[in-house]
Amino acid sequence: MMSNPQVPGQPGRNQNLLAVAREAALPALSKLFDKVLAGFDDALFDRAGSAGASQMAFLDGMRELRRRRDEVSRLFSSHLQQAWAALESGAPQSAESVMAGAGEGGLALVPEHVLESRLAVRNLATVLLREYKQVLARLDHRLGWVAGGQELNADTNPISPEHIGVALHEAFAPCDLTPEVRLVLFKLCERELAGSIGKLYEALDERLAQAGAAPELGAPRRQPPRRPAAVPDADAPDEDGFDPQGGAPGWARRFSERFAQQRANLGRMGEAPGEGYAQGGGGFEVDGATQQGMVLEALHELLVQSRQARGAAASGIGGAAAGNGGEPGLQRALNQREMMSVLSLLQATPSATLRAAVGEDGESLAQRLKSEVLAGATRLGVDPAQAHLDPQDEDAIDLVGMLFDVMLDERDLEGRSRELIGRLVVPFVKVAMLDRRMFVQKTHPARRLLNSLAEACEGNAGESQSERALMGKVEEIIERLTAEFNENLAIFLTLEEEFREFLAQHRRRIEIAERRAAETQRGQEKLEVARSRAALELERRVADQGLPKAIDDFLRQPWNHHLTLTLLREGEEGEGVTEALKLADEVLEEVAEARRHIVGKPWLQSCQPGLRKVFASVGVHGDAGTAAIDALHDTLQSIAEVRPELERALPELPQVALPTPPAQEAPAIDFGSTAKAEDFDDSDAERFRRMEIGTWLDFIDKDGKLQAGKLSWVSPISSRLLFVNRRGIRFCVASPEELAVMVRLGRLRPHVDDGAFDSAMQGVIDRLEPQPAAVG
């Protein structure tokens, strides 16, 4: 619960208008839900018909909903009524706190199916919030105005999508449904409720406006009828400006632009731009096919220059005539069938030297591949002294070799992950020879498969069951590819679709892990707050008091433990907290009376129920509790009678620890020897305060190793930001100010993720492009 102050200059609560709004919203929402609920019979029956092995789960779900329909309907309405009542009381209810399980102590880990349910309703709320953002912003303001100047938002507006999501979660909570059926129900609710809820919001906004609520907003403008989101045209340009039939990523566009500019600079005065260019506006335009050809041509020129530079300084493997000592004029290029035969042999049984090259940082995969190809040609009866590589084939080997060199260097691929990705080198050389569009076509199935496999392997040390299962699937896909890929590229499409589906299931588990990380962090922060408050209250009562040992031990141990638990359970303003504080004050008052030597007083008589509750919280019940209270009583009696020999110590108490959630220690932020914690740019800190959930950043440790982190949750208690890695595991929790210090130290930067293939190609370009000569 949270209270919000009245906004200055606004009228007090308009109870009549608030009642009108309630009657316009709550019954209508309940009626909409009941209508959707009534249709679930048919929907689940239809699903059962096509559910295969899950058929009985859907039929059982249908029967369960029939049995509990009235209860489900009542629970949905009950939450909305409770949330509205909180608004009317002046303390709007937080949907987030309800969803986090405020009534469960906030620390226990919830079952996986509950987390899946929470994710599903949060997704539903996100869809509705995005769809009706403008009208909801007005409703937040108008309802807050009517309620006397409350400041409402998506979390506290009692009819917001967030609260509707919580109502759905609580409505279906008691139902015995499989996770699959439960998630289907939430998706059906999302589909069936969305349009009707939007109309209800708009109608309520208009009604409140007509009644004069928040007149500064004016009357709502009529919105045009909503149309379904457009489905992208299969022939429309993608976000990088290439058509999907010949699309390419951003690196290719930028590279081709630089290449075109270089050519323009080298052209003769007055010469028109090359084919495919159109001048105007300080830039140029190209069609997809022309741009693809331009990128490939530019790559070829860079590769030739690179080979020439190496050939001038090295012998053996280097240029098109590398690997042999014959006269160039007597050599012939290996034809494609010979190349494919040699590569197929390497694909089935990679040589030890090639496997070793994958595991080493220093050796060039491209050079090792060319050496292996020329050596392997001898198995086909080709004299290596009379053969060389075709320039296009050499381009393919160089590009793929360099691409994997960059990927293995820059990605977090170690051990088994590195070995598995390395096994893809030869198949991808074959793809490059068969279809050079792989380098420039964003939607190419081979590059999409590589992106997915790299995502699955990166940082995967196989530490959890889900990680091991994912690595097992990666190994299965690569085994099938190396065993079955000949010259038919269709296998990449088949394997990419299969692995994408598996990866989607894994990502859902990652979402659950993220949720657990947030639940854990929330529990730890609540515990920190409770401990701090309890310690403060204890210090106020025992500091410089010189209390008898039994009284001092009671306050420092069982009472402190009991107060902390009560704060965790009820929050700082809970009734139990007030009772616990009152009990401590009464005990201290008894000590003061005893010091005034009041003899014959029935000590602690009014405190008996509270004392028993405190001792019970640490596992002291019945006779043991009575003995502990007697020790306190006798201690007070000894003070009153000035007979210290009568003072008694508390009996030994059980060691009871506070419920601490499983911790995943976040690394401490090292501000460095010269930087201070306050040494940051406040504009950076402000950007972190406004950062959206789901944003990725790159964290750089003291050794220069990079790890991507996703903002998963922002604490409503401390405003600290929780970042998780690609496995959904917490690895950094920091305040906006601490993150700003990391920016100043060069330890944090924006994350750019174009996929493993695209990022590696950018690295290839950076390595190929000539560097400016050093001056001096």
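## Leucine 87 and its contacts

Leucine 87 touches Arg13, Leu18, Pro92, Ala147, Gln150, Leu152 and Pro158, leaving out residues up to four places away in sequence. Contact here means heavy atoms within 4.5 Å. Leucine 87 sits in helix H3. Helices (H or I, at least four residues) and strands (E, at least two) are DSSP runs, numbered from the N terminus. Leucine 87 counts as buried because its relative accessibility is 0%. Buried means under 20% relative accessible area, exposed over 50%, and partly exposed in between (1.4 Å probe, protein chains only).

## Model and confidence

This is a predicted model: local features need pLDDT of at least 70, side-chain atom pairs count only at pLDDT 80 or more, and totals for chains, interfaces and linings use all residues. Residues are numbered from 1 along each chain as its sequence is written, and side-chain values use heavy atoms, with hydrogens and water left out.

pLDDT is the predictor's confidence in each residue, from 0 to 100. The chain averages 79, and 80% of the residues score at least 70. Over residues 102-108 the pLDDT is below 50; this stretch has 14 contacts in the model beyond near neighbours in sequence. Residues 662-675 also stay under 50, and the model gives them 25 contacts beyond four places in sequence. Confidence is lowest in strand S2 (residues 283-284), with a mean of 26, and highest in helix H16 (residues 425-434), at 93.

## Overall make-up

The chain holds 26 helices and 9 strands. Of its 776 residues, 47% count as buried. Among contacts with a separation of 6 or more, 73% join residues 24 or more positions apart.

## Two helix pairs

Two packed helices are described by the angle between their axes and the distance between the axes. Axes are lines fitted to C-alpha atoms, for helices over the stretch in contact, and angles run from 0 to 180 degrees between N-to-C directions. Helix H1 (residues 15-38) packs on helix H3 (residues 55-88) at about 160 degrees, with the axes 10 Å apart. H1 is therefore roughly antiparallel to H3. The cut-offs are under 35 degrees for roughly parallel, over 145 for roughly antiparallel, 65 to 115 for roughly perpendicular, and oblique for the rest. The H1 and H3 crossing is right-handed. A crossing is left-handed if the near helix is turned anticlockwise from the far one by less than a right angle, and right-handed if clockwise. The contact includes Leu18, Leu26 and Phe33 of H1, and Val72, Phe76, Trp84 and Leu87 of H3.

Helix H19 (residues 490-542) and helix H20 (residues 549-570) pack at about 145 degrees, with their axes 9 Å apart. Their crossing is right-handed. Residues that meet include Leu527, Ala530, Ala534 and Leu538 in H19, and Leu555, Trp559, Leu563 and Leu567 in H20.

Helix H6 (residues 133-146) has 14 residues, so at 1.5 Å a residue it should span 20 Å; its end C-alpha atoms are 20 Å apart, which agrees. The expected span is 1.5 Å times one less than the number of residues. H6 is mostly covered, with 10 of its 14 residues buried. Among them are Arg138, Asp140, Arg142 and Trp145. Glycine 148 follows H6, and its phi is positive, near 100 degrees.

Helix H13 (residues 365-376) has 12 residues and reaches 16 Å from first C-alpha to last, close to the 16 Å expected. H13 is mostly covered too: 9 of its 12 residues are buried. These include Gln367, Lys370 and Glu372.

## Phenylalanine 186

Phenylalanine 186 lies in helix H8 (residues 179-210). Its relative accessible area is 2%, so phenylalanine 186 is buried. Beyond four places in sequence, phenylalanine 186 contacts Ser117, Ala120, Val121, Leu124, Leu168, His169 and Phe172. Alanine 120 is 66 residues away along the chain, with a C-alpha separation of 6.5 Å.

Most residues other than glycine have a negative phi. Alanine 214 has a positive phi, near 50 degrees. Alanine 214 lies in the loop between H8 and helix H9 (250-266), and is buried at 0% relative accessibility.

Leucine 604 also has a positive phi, near 60 degrees. Leucine 604 sits in the loop between helix H21 (575-595) and helix H22 (608-617). Its relative accessible area is 1%, so leucine 604 is buried.
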